[in-house]
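Trainee: Before we discuss this chain, could we look at the model together and go through it question by question?

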Amino acid sequence: MRISRMPRTPWPSRGGPGAEHLDAVAAELNDRPRTTLDYDTPAQRVTTLLTTNQQQCCNDR
């Protein structure tokens, strides 16, 4: 039972931002330095974390 009685509108199948536009927005956001990351970009921080974890993992063996 629907309480609100508002008609449901389906998500439009066409229109809105395309995949290329969303990729461009994501790239712009990930290339922006963040003060909370000591002015690193998120991509730089992920790379640093991955290489640090890989080195620790390989040194433990």
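Trainee: How many helices and strands does the secondary structure of the protein chain come to?
Mentor: Keep in mind that this is a predicted model. Helix 1 covers 19–30 and helix 2 covers 42–60, with a loop between them. The secondary structure of the protein chain comes to 2 helices and 0 strands.

Trainee: What percentage of the residues of the protein chain count as buried?
Mentor: The protein chain exposes about 6,000 Å², of which carbon and sulfur atoms supply 56%. To count as buried, a residue must have a relative accessible area under 20%. Of the 61 residues, the share that counts as buried is 5%.

Trainee: Is Thr-41 buried or exposed?
Mentor: Thr-41 lies in the loop between helix 1 and helix 2. Leaving aside neighbours within four places in sequence, Thr-41 is in contact with Asn-30, Asp-31, Arg-32 and Pro-33. Its relative accessible area is 11%, and because the limit for a buried residue is under 20%, Thr-41 is classed as buried.

Trainee: Which side chain meets that of Arg-32 in a salt bridge?
Mentor: Arg-32, one of the residues in contact with Thr-41, is itself partly exposed, with a relative accessible area of 39%. In its salt bridge the distance from N to O is 3.4 Å, and the partner is Glu-28.

Trainee: Which side chain meets that of Asp-40 in a salt bridge?
Mentor: The count for the model comes to 2 salt bridges. Asp-40 is partly exposed at a relative accessible area of 25%, and Arg-45 is likewise classed as partly exposed, at 24%. The distance from N to O is 3.3 Å, and the side chain that meets Asp-40 is that of Arg-45.

Trainee: What is the phi of Asp-38?
Mentor: Most residues other than glycine have a negative phi. Asp-38 is found in the loop between helix 1 and helix 2, and at 62% relative accessibility it counts as exposed. Although Asp-38 is not a glycine, its phi is positive, at about 55°.

Trainee: Why does Tyr-39 count as exposed?
Mentor: Tyr-39 has its place in the loop between helix 1 and helix 2, and it has a positive phi of about 65° although it is not a glycine. Exposed means a relative accessible area over 50%. Tyr-39 therefore counts as exposed, because its relative accessibility is 59%.

Definitions and conventions:
Residues are numbered from 1 along each chain as its sequence is written. This is a predicted model: local features need pLDDT of at least 70, side-chain atom pairs count only at pLDDT 80 or more; totals for chains, interfaces and linings use all residues. Side-chain values use heavy atoms; hydrogens and water are left out. Helices (H or I, at least four residues) and strands (E, at least two) are DSSP runs, numbered from the N terminus. Buried means under 20% relative accessible area, exposed over 50%, partly exposed in between (1.4 Å probe, protein chains only). Contact means heavy atoms within 4.5 Å. Accessible areas come from the Shrake-Rupley method with a 1.4 Å probe; for residues, only the protein chains shown count as cover. A salt bridge is a side-chain nitrogen of Lys or Arg within 4 Å of a carboxyl oxygen of Asp or Glu.
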